[in-house]
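Please read the report below alongside the sequence and the model.

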Amino acid sequence: MSDDFEAMGPVDYMVVEFPGNRMTGEGFPLLVDLVDRGIIRILDLLFVRKDSDGSVAALELTDLGDEVDLTIFEGASSGLLGQDDIDEAGAALEPGNSAGILVYENLWAAPFARAMRRSGAQLVAGGRIPVQALLASLDAAEATAPDRPVAG
């Protein structure tokens, strides 16, 4: 089993909130494409809902309605996600909304990760910068930058 873990790429997670429990399904074919092209491997995909009273519950794919066909994701569960993860995701949600919790392996980075492990290196920090934060930072930098003359 440890050999399987040694061969893995980095594993990430994301929680995607759907305001008003409204899922269009627009992103799901793109997720399937990432899997089909060997870029990621889905380890877990779980949906949760936060009710107006603040209670959080995991949802079955059949609970999501007929508007979006999610049967392709049935069985996408490694057992990594537990009640603590559901509660933590729920804390990030607004009441009346739902979310998808996705845990995935970055297959594209697996060869690099294996090489680093073989050389004795280890990841000691990581993170993601949300696009909104990146745009705000760029806007702030642009607003404080001195005017530059246009070369001509």
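Predicted model: local features only at pLDDT ≥ 70, side-chain atom pairs only at ≥ 80, totals over all residues.

Residues are numbered from 1 along each chain as its sequence is written, and side-chain values use heavy atoms, with hydrogens and water left out.

Arg 41 forms a salt bridge with Glu 105, and the closest N and O atoms of the pair are 2.6 Å apart. The pair links distant parts of the chain, since Arg 41 is in strand E2 (residues 40-50) and Glu 105 is in strand E4 (residues 98-106), 64 residues apart. Helices (H or I, at least four residues) and strands (E, at least two) are DSSP runs numbered from the N terminus. Glu 105 counts as buried because its relative accessibility is 3%.

## Other salt bridges

The structure holds 4 salt bridges, a term that stands for a side-chain nitrogen of Lys or Arg within 4 Å of a carboxyl oxygen of Asp or Glu. Side chains of opposite charge can pair when their charged atoms come close. One of the bridges joins the side chains of Asp 12 and Arg 128, at 2.2 Å from N to O. This pair also links distant parts of the chain, with Asp 12 in strand E1 and Arg 128 in the loop between H4 and H5, 116 residues apart. Asp 12 counts as partly exposed because its relative accessibility is 21%, whereas Arg 128, at 58%, counts as exposed.

Arg 49 forms a salt bridge with Asp 51, in which the closest N and O atoms are 3.3 Å apart. Arg 49 is partly exposed, with a relative accessible area of 29%, and Asp 51 counts as partly exposed at 31% relative accessibility.

## Overall fold and contacts

The protein has 5 helices and 4 strands, and along the sequence these follow the pattern α-β-α-β-β-α-β-α-α. Of its 152 residues, 26% count as buried. Among contacts between residues at least 6 apart in sequence, 81% join residues at least 24 apart, a contact being heavy atoms within 4.5 Å.

Not counting residues up to four places away in sequence, Val 15 touches Ala 89, Ala 99, Gly 100 and Ile 101. Val 15 and Gly 100 are 85 residues apart in sequence, yet their C-alpha atoms are 5.7 Å apart in space. With a relative accessible area of 36%, Val 15 is partly exposed.

## Surface patches

The protein exposes about 10800 Å², of which carbon and sulfur atoms supply 55%; accessible areas come from the Shrake-Rupley method with a 1.4 Å probe, and for residues only the protein chains shown count as cover. Patches are made of residues with over 30% relative accessible area and no salt bridge, joining like charges within 9 Å and nonpolar side chains (Val, Leu, Ile, Met, Phe, Trp, Tyr) within 5 Å. Ile 129, Val 131, Leu 134, Leu 135 and Leu 138 make a nonpolar surface patch of about 510 Å². Within this group, Ile 129 is found in the loop between helix H4 (110-118) and helix H5 (131-144), and Ile 129 is exposed, with a relative accessible area of 65%.

A negative surface patch is formed by Asp 84, Asp 85, Asp 87 and Glu 88. Lys and Arg count as positive and Asp and Glu as negative, while His and the chain ends are not counted; the place of a charge is taken as NZ of Lys, CZ of Arg, CG of Asp or CD of Glu. Asp 87 is found in helix H3 (residues 83-92) and counts as partly exposed at 39% relative accessibility.

How values were computed:
Buried < 20%, exposed > 50% of the residue type's maximum accessible area, 1.4 Å probe, protein only.
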